[in-house]
Amino acid sequence: MGLTKKDIKLVTDPLWDNNPVTVQVLGICSALAITAQLKAAIVMSLSFTFVLAMGNVAISLLRNVIPPKIRIIAQLIVAAALVIVVDFVLKAYVYDLSKQLSVYVGLIITNCILMGRFEAFALGNPPGKSFLDALGNAGGYSIALLIVAFFRELLGSILGFQVLGDPIKKTGVYALGYENNGFMLLAPMALVTYGIVVWVQRSRNKALIEEGH
């Protein structure tokens, strides 16, 4: 059985027009905190995608046996178990990045996007649709993270590859006349970059502009 238009929309809608970070303004803590390096943003995106996808499926499978009074506790247990798995894997294979991400991996448990999809979608839909919903929302979250991280690193290097300037001085100046001073890595620049992304999105889609603004 193929995917219906509704199934496809579950994946595509959160990527841009209903992006959980830039439109719903959810999960922006990590978007602002760990985007100083693109590599860290990629690892966080993959980690979040795994937790949300597996968590949505698990909650959907258990939706008929979870007592309503303890559903939030059950959701937290599922999220915590998956985050522990992710944390162990990161510590085993990318220990330096694991230290850099620090508490933010653990905070995936309380990410508003994660708990929101568990509560609003997985509890009322079958596993297949819940998995697609997770892919869409995790994809939207990842896109927002990667865009912010890309532009914060752009004035220096991307994944270790020099973009502007030259690490070797020639005749007393840097190539292209630019020397990276780390300005974009300052914490306030995460918020500025995020704001520019939101502005660009709303300028391209007038439906996202609230009335009266």
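Modeller: Happy to. I will call two residues in contact when they have heavy atoms within 4.5 Å. On that basis, among contacts in the chain between residues at least 6 apart in sequence, 76% join residues at least 24 apart. Please keep in mind that this is a predicted model, where local features need pLDDT of at least 70, side-chain atom pairs count only at pLDDT 80 or more, and totals for chains, interfaces and linings use all residues. Residues are numbered from 1 along each chain as its sequence is written, and side-chain values use heavy atoms, with hydrogens and water left out.

The chain has 9 helices and 2 strands, counted as DSSP runs (H or I of at least four residues for helices, E of at least two for strands) and numbered from the N terminus. In sequence order they give α-α-α-α-α-α-α-α-β-β-α. Of the 213 residues in the chain, 39% are buried, meaning under 20% relative accessible area with a 1.4 Å probe and protein chains only; exposed is over 50%, and partly exposed is in between.

Now to the core itself. A nonpolar core here is a set of buried Ala, Val, Leu, Ile, Met, Phe, Trp, Tyr and Cys residues joined through side-chain atoms within 4.5 Å. The largest one holds 40 residues, and the members touching the most others are Phe48, Leu52, Leu101 and Leu114. Two or more residues each come from α3 (38-62), α4 (71-93), α5 (95-101), α7 (112-120), α8 (127-153) and α9 (187-204). Helix α3 gives the largest share, 10 residues.

Setting aside neighbours within four places in sequence, Leu114 is in contact with Phe48, Val51, Leu52, Ala79, Ile108 and Ile109. Leu114 is one of the buried residues of α7, together with Ile113, Met115, Arg117 and Phe118. Helices α3, α4 and α8 are among the elements that cover them.

Next, follow Phe48, which counts as buried because its relative accessibility is 0%. Aromatic pairs are rings of Phe, Tyr and Trp (its six-membered ring) with centres within 6.5 Å; planes under 30 degrees apart are stacked, over 60 edge-to-face, and the rest tilted. There are 2 such pairs. Phe150 is partly exposed at 32% relative accessibility, and Phe151 is partly exposed at 42%.

Finally, a look at α5, where Ser98 is found. Ser98 counts as buried, at 7% relative accessibility. Beyond its neighbours within four places in sequence, Ser98 is in contact with Asp87, Leu90 and Lys91.
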